[in-house]
Amino acid sequence: MKLLLVEDEKQLSEALTQLLIKNHYSVDAVLDGESGLDCALTGIYDLIVLDIMLPKINGLEILKELRANEISTPVILLTAKGETSDKVQGLDGGADDYLTKPFASEELLARIRALVRRKGEIIPDNVLTISDFRLNLDTYELEGDSGSVRLTLKEYEILKYFMYRPNRAVSKDDLIVKVWGFDSEAEYNNLEVYISFLRKKLLHVGTKATISTLRGIGYKMEE
Ligand code: CA
């Protein structure tokens, strides 16, 4: 894990460098904005700790230049006490976090860990996609080209059942057993109500997929 530290207060820079090395980070420390920008533009760092008040080029300008060059390395800004407008400007300018001086070393380490984790996080693909719409299996969110809508549990289970069987006939009895269980009192009417909700929601998100009725059999979802 390679960090860039841009901080012109020599003592602070040395203390932070020691701290980071002790915590198994590899650190390049530079003392002015110009060298900071040159290093940062290489894009080789996993994270940049960037002071705002720097000689030659200030931290906010460095940040702006980085983002303009599409370098998305996470940045933690270091601000002096009371520079509220700098914080706002920094976060608006694409900083990921900031710390107000003086700060506890534990706090800096925690922020670094959080950002590095976020960057390297693997987001599990918990989204079922068919045709031109998606169903998020964690949030029950149905999403298409013209919008998204959250499904109720029953709607979700019914739609998921269809999505695993696109363009195939699905019997009403199978759906009822699947969604309500064997012993349920649910009747065709209940199912029909949910199917009509689902049709409205599919329409709402703008998919071309439809659930058609197969007389005497059940339904079929057509892509
Ligand atoms: Ca400074």
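A: Buried here means under 20% relative accessible area, exposed over 50%, and partly exposed in between (1.4 Å probe, protein chains only). By that scale Asp8, at 30% relative accessibility, counts as partly exposed, whereas Asp51, at 3%, counts as buried. This is a predicted model, in which local features need pLDDT of at least 70, side-chain atom pairs count only at pLDDT 80 or more, and totals for chains, interfaces and linings use all residues. Residues are numbered from 1 along each chain as its sequence is written, and side-chain values use heavy atoms, with hydrogens and water left out.

Asp8 lies in the loop between strand 1 (2-6) and helix 1 (10-22), and Asp51 in strand 3 (residues 47-51), so the pair ties together parts that are 43 residues apart in sequence. Helices (H or I, at least four residues) and strands (E, at least two) are DSSP runs, numbered from the N terminus.

Elsewhere, an open sheet of three strands has the order 10-12-11, with antiparallel pairing, where pairing requires at least two DSSP bridges. Strand 10 (169-171) and strand 11 (210-214) stand at the edges with a single partner strand each, so one side of each has no neighbour in the sheet. Strand 11 is joined by five bridges to strand 12 (residues 218-222), running antiparallel to it, and Thr213 stands opposite Tyr219 in strand 12.
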